[in-house]
Amino acid sequence: MNAPEYVLGSVKEALSYKANTFMIYTGAPQNSFRAPLEKLKVTEGDELWQRNGYDLKDIVIHCPYIINLANTLKPETYEMGKEVLKKEILRTRHIGARYMVLHPGSSLTGDIEESMKQVTDGLNEVLKDEDDIIICLETMAGKGSEVGRTFEQIRFMIDRVEKKNLIGVCLDTCHVNDAGYDLTDFDAVLADFNRVIGLDYLKVMHINDSKNPIGAHKDRHANIGEGTIGLETLRKIVHHPLLDNIPQILETPYVGGQAPYREEIEKLLNL
């Protein structure tokens, strides 16, 4: 078995898709076990990425799913989440990226406001003055007791974060569709985002179709053009003039065991 290439391998894979950015986890997303920093092959990956005209600071790191700062039911889960997040910030700094995407989490108790306050309490404890990495709260579909299902909830959390220069938003098209936003009128959705949150906070986007009708609150991603959002709507979104220079990441399902990203990028770029 070949040794894993970590960051270098991710760069090679992204280039094979003709991508100009990409998103990675620094380890398995379901747990906190991580390879030592010196094994990540960051220098080799950075050199290859730069030879192709790109910069690792513009890639995206996704925090592991086990971080749930919104969990007010189990204090140990909240404390563990903070510790994992601190370590992920260190790993992200080592890689050289500047954006981290974080699921705000689920309350498990139904007290959404209390959970959102706990999320920001955790962020205020973790974020430090010396940091230059922006943690991007992801817009969520609203399944179960997820927080961050509306722009207003995201704004509530941003308002309570002390170091606002270190906080941003990741807008996920599947999630906002499932949360009840009509992406066929994306100008109106973006205007609402700007009114409630502010476009300056929009740092990352996840571009996904959805298997669900608008407002289903289910979070089931579909391949580009094969869901209820549709190819033309997604094309308009990725080419929107207000979204220039924002990393746009595909999180669509594998097809026949293979990543469909090269073909989906070509679909989205083919006007």
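1. Start with the lining of the largest pocket: by class it has 26 nonpolar, twelve polar and eleven charged residues. Here Ala, Val, Leu, Ile, Met, Phe, Trp, Tyr, Cys and Pro count as nonpolar, Asp, Glu, Lys and Arg as charged, and the others, Gly among them, as polar.

2. A caveat before going on: this is a predicted model, where local features need pLDDT of at least 70 and side-chain atom pairs count only at pLDDT 80 or more, while totals for chains, interfaces and linings use all residues. Residues are numbered from 1 along each chain as its sequence is written, and side-chain values use heavy atoms, with hydrogens and water left out.

3. Back to that pocket: its volume is about 1,400 Å³. Of its 49 lining residues, Thr21, Phe22, Met23, Ile249 and Leu250 are the closest to the centre. Elements giving two or more residues to the lining are H1, strand E1 (23–24), helix H3 (75–95), strand E9 (248–250) and helix H9 (261–269). H1 provides the largest share, five residues.

4. H1 is also worth a look for its helix partner. Helix H1 (residues 6–16) packs with helix H2 (residues 42–51) at an angle of about 25 degrees, their axes 7 Å apart. The two are therefore roughly parallel (angles under 35 degrees). On the H1 side, the contact (heavy atoms within 4.5 Å) is made by Val7, Leu8, Val11, Lys12, Ala14 and Leu15; H2 brings Val42, Glu44, Gly45, Leu48 and Trp49. By class, that contact has eight nonpolar, one polar and two charged residues.

5. Last, helix H8 (residues 231–238): its buried residues are Thr233, Leu234, Arg235, Ile237 and Val238 (buried means under 20% relative accessible area, with a 1.4 Å probe and protein chains only).

Key
Axes are lines fitted to C-alpha atoms, for helices over the stretch in contact, and angles run from 0 to 180 degrees between N-to-C directions. Helices (H or I, at least four residues) and strands (E, at least two) are DSSP runs, numbered from the N terminus. Angles under 35 degrees count as roughly parallel, over 145 as roughly antiparallel, 65 to 115 as roughly perpendicular and the rest as oblique. On a 1 Å grid over the protein atoms alone, a cavity is a set of points where a 1.4 Å probe fits but cannot get out, and a pocket is an open set with protein on both sides within 12 Å along at least five of seven lines; lining residues have an atom within 4 Å of a point. Grid points are joined across faces, edges and corners, and a volume is the space filled by probe spheres set on the points. Buried means under 20% relative accessible area, exposed over 50%, partly exposed in between (1.4 Å probe, protein chains only).
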